[in-house]
Amino acid sequence: MKLYIDGDAFPNLLKPIVLRAVERLKIPAFVVSNKRVNVGKSQYIMTIIVPQGADEADHRIVEMVGPGDLVITADIPLADRIVSKGAHAIDHRGELYSEDNIKQHLAMRNLMETLRDSGEMTGGPKPFGPKDAHAFANRFNAFVAKRFPQG
């Protein structure tokens, strides 16, 4: 398993969680973004900087990801593309996307976007905080523990 991080909006609270797992389990990790994003110093983490532009990082992640890999992203359309390639996606709040739930998440995201585009005030997501980081840590660590039982 390889780990891909959609780095452009990666919360600082998650960086030490991911760094510890990468180091402990020796997971090859790739931070893909259009600017330098420092997750921490590790021989297992590579930074890939893509050109500026909408979805450039997403396209690169989709090119690179393979079945069984894990992508950390809050981008639901990207998660849909990842899941369709047989990989896994987890968002910053610990939601694990799968074939069973990604279409529902995508439909809800598209509905909310349509409402916003029509002028409806939807409020958006609540601010990211320590409870969200804790939920992510629990789900992320459980996921990688299944793939790396020796860790």
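Tutor: Helix α5 has 18 residues and reaches 26 Å from its first C-alpha to its last, close to the 26 Å expected at 1.5 Å a residue, where the expected span is 1.5 Å times one less than the number of residues. This is a predicted model, in which local features need pLDDT of at least 70 and side-chain atom pairs count only at pLDDT 80 or more, whereas totals for chains, interfaces and linings use all residues. Residues are numbered from 1 along each chain as its sequence is written, and side-chain values use heavy atoms, with hydrogens and water left out. Helices (H or I, at least four residues) and strands (E, at least two) are DSSP runs, numbered from the N terminus.

Asp132, Ala133, Phe136, Ala137, Phe140, Phe143 and Val144 of α5 are buried, that is, under 20% relative accessible area with a 1.4 Å probe and protein chains only, exposed being over 50% and partly exposed in between. Seen down the axis of α5, these buried residues fall within an arc of 145°, so they line one face of the helix; the arc is that of the directions from the helix axis to the C-beta atoms. On the other side of α5, Lys131, His134 and Lys146 are exposed.

The buried residues of α5 pack against β1, α1 (15-25), β4, β5 and β6, contact meaning heavy atoms within 4.5 Å.

As for the sheet, six strands form an open one in the order β3-β2-β1-β4-β5-β6, with mixed pairing; two strands pair if DSSP finds at least two bridges between them. Strands β5 (residues 88-90) and β6 run antiparallel and are joined by two bridges, with Ala89 opposite Tyr97 in β6.
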